[in-house]
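This report describes how one protein chain is put together. It goes from the overall layout to the strands, and then to the helices.

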Amino acid sequence: MPKDINGALGFIHYGVDNINHQLNRDVIPHNISLSGENFKLARQVSINGNDGQLIIEVELFEKGNNKYPFYLSFIIYGIFTNKGLEAGQFQRAVEYNGTALLFPFIRSTVADITKIANNGTTLLLPTINVNALIEDSKK
């Protein structure tokens with residue numbers, strides 16, 4: 001086994017902010033399905049020396065659209081540190097690896113909020129291909 005199993009990207013902290021959930025009482029929330037049209041992630045990376053921050057804005061379903069059972073948006077952020085990467089590599093690691101590291105927390109946040117706010121109907125996000133998500137968003 002290698003002596004140092006720690007990665008070159010340090011994950012310091014994450015948090016959730018600006019949670020907005022609006023229930024549509026006219027639609028019964030069962031058999032909820034997501035697509036690229038009703039599940040949006042917007043990312044912003046900022047680097048300051050060896051410190052990096054990734055902010056992901058999450059939006060599920062279209063606000064004000066009465067065909068969906070609810071609208072949910074929130075911001076999740078992660079704080080990272082550079083443990084030996086070159087500047088360009090660090091930026092890319094925060095963007096790609098940071099998104100992959102934060103996605104389980106996004107899934108958990110969505111499940112927790114929908115479990116409580118949707119009268120027991122929990123939305124479980126599928127796993128995603130982070131590389132494809134990021135590359136598609138750059139087109």
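The sections below cover the model, the strands, the helices and selected contacts.

## Model and layout

This is a predicted model, in which local features need pLDDT of at least 70, side-chain atom pairs count only at pLDDT 80 or more, and totals for chains, interfaces and linings use all residues. Residues are numbered from 1 along each chain as its sequence is written, and side-chain values use heavy atoms, with hydrogens and water left out.

The chain has two helices and four strands, and from the N terminus on the order is β-β-β-β-α-α. Helices (H or I, at least four residues) and strands (E, at least two) are DSSP runs, numbered from the N terminus. Of the 139 residues in the chain, 33% are buried; buried means under 20% relative accessible area, exposed over 50% and partly exposed in between, with a 1.4 Å probe and protein chains only. Among contacts (heavy atoms within 4.5 Å) with a separation of 6 or more, 69% come from residues 24 or more positions apart.

Strands count as paired if DSSP finds at least two bridges between them. Strand S2 (residues 39-48) pairs with S3 in the antiparallel sense over 10 bridges, with leucine 41 opposite valine 58 in S3. Two residues lie between the strands in the hairpin of S2 and S3, where glycine 49 takes a positive phi near 65°. S3 and strand S4 (residues 70-82) also run antiparallel and are joined by 10 bridges; here isoleucine 56 stands opposite isoleucine 76 in S4.

In a regular strand the side chains alternate between the two faces of the sheet.

Phenylalanine 103 is in helix H1 (residues 87-117) and counts as buried because its relative accessibility is 5%. Leaving aside neighbours within four places in sequence, phenylalanine 103 is in contact with Phe39, Leu41, Leu125, Pro126, Thr127 and Ile128. Phenylalanine 103 and isoleucine 76 are 27 residues apart in sequence, and their C-alpha atoms are 9.3 Å apart in space.

Threonine 99 is also found in helix H1 and is buried, with a relative accessible area of 1%. With neighbours within four places in sequence left aside, threonine 99 is in contact with Arg43, Leu54, Ile56, Val94, Val130 and Ile134.

## The salt bridge

A search of the whole structure finds one salt bridge, defined as a side-chain nitrogen of Lys or Arg within 4 Å of a carboxyl oxygen of Asp or Glu. Glutamate 95 forms a salt bridge with arginine 43, and the closest N and O atoms are 3.8 Å apart. The pair links distant parts of the chain, with glutamate 95 in helix H1 and arginine 43 in strand S2, 52 residues apart. Glutamate 95 counts as buried because its relative accessibility is 13%.

## Packing of H1 and H2

The axes of H1 and helix H2 (residues 130-137) come within 9 Å and cross at roughly 130°. That makes H1 oblique to H2. Axes are lines fitted to C-alpha atoms, for helices over the stretch in contact, and angles run from 0 to 180 degrees between N-to-C directions. Angles under 35 degrees count as roughly parallel, over 145 as roughly antiparallel, 65 to 115 as roughly perpendicular and the rest as oblique.

Glu95, Tyr96, Thr99 and Ala100 in H1 meet Val130, Asn131, Ile134 and Glu135 in H2.
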